[in-house]
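Here is a short briefing to read with the structure open beside you. Have a look around, then follow the notes below.

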Amino acid sequence: MNDCIFCKIINGEVPSYKIYEDDETFAFLNIHPMSKGHVLIVPKNHAEDLAHGSEGDSVAIMKTLHKIAPKVIEALGATGYNLGMNHGKIAGQEVFHTHLHVIPRYEGGARTFDKNEASEQELNDVKKLILEGIK
Ligand code: 5GP
Ligand code: ZN
């Protein structure tokens, strides 16, 4: 899928703030985070959404969630997170390559689903903290 932005991120054609990768999945920071440390977990195989992908890829996404989510929130001082997945334009899906949103939540912080601007510096700082936690 040449025109898929997430395929391009996975194969390195487009840069990303990568925080995790294994044979089946790839995880990186959302450049318009709904909270600090908003991560997207994607299967490496292209499919427009979960239902169009394989069961194996659905399992792989959840395995990656298990592996990284506790470390992500601990590294950032969050105490919980929202998971999200938009299926179809009507549901707000903008990128048609399956992705699971992991949105950390902080004590006393907002719990909105508004997108925020984040500077390269901020995203790099968050990535560094997460990678130190994932080591
Ligand atoms: P959707 O609305 O499809 O569930 O979410 C797509 C998400 O991908 C949006 O939250 C958007 O900020 C994010 N996104 C879109 N383009 C890029 C990109 O080039 N890099 C990264 N890291 N995230 C992107
Ligand atoms: Zn794709």
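Predicted model: local features only at pLDDT ≥ 70, side-chain atom pairs only at ≥ 80, totals over all residues.

Four residues hold a zinc ion (ligand 2), and helix H2 (55-76) packs its buried residues against several strands and a helix.

**The zinc site**

- The site is tetrahedral, with angles of 103 to 117° among the 4 donor atoms; for comparison, the ideal angle for four tetrahedral donors is 109.5 degrees.
- Along the sequence, the donor residues follow the spacing C-x2-C-x38-H-x50-H.
- Cys4 sits in the segment before helix H1 (5-10) and His46 in the loop between strand E3 (39-43) and H2, so this pair ties together parts 42 residues apart in sequence.
- Cys4 is buried, at 7% relative accessibility, whereas His46 is partly exposed, with a relative accessible area of 29%.

**Helix H2**

- H2 runs for 22 residues and spans 31 Å from its first C-alpha to its last, close to the expected 32 Å.
- There is a bend of about 35° at Ile68, and Pro70 follows within four residues.
- The buried residues of H2 include Asp57, Ile61, Leu65, Ile68 and Val72.
- An α-helix has 3.6 residues a turn, so residues three or four places apart point the same way.
- The packing partners of the buried H2 residues are strands E1 (18-21), E2 (25-29), E3, E4 (80-84) and E5 (100-105), together with helix H3 (120-134).
- After H2 comes Gly77, with a positive phi near 80°.

Methods: Residues numbered from 1 in each chain as written. Chains lettered and ligands numbered in written order. Heavy atoms only, no water. Donors = N, O, S within 2.8 Å, 3.2 Å for Na, K, Ca; no water. Tetrahedral: all angles 85-135°; square planar, octahedral: opposite > 155°, others 65-115°. Helix = DSSP H or I, 4+ residues; strand = E, 2+ residues; numbered from the N terminus. Buried < 20%, exposed > 50% of the residue type's maximum accessible area, 1.4 Å probe, protein only. Expected span 1.5 Å × (residues − 1). Bend = angle between axes of the 7 residues up to and from the residue. Contact = heavy atoms within 4.5 Å.
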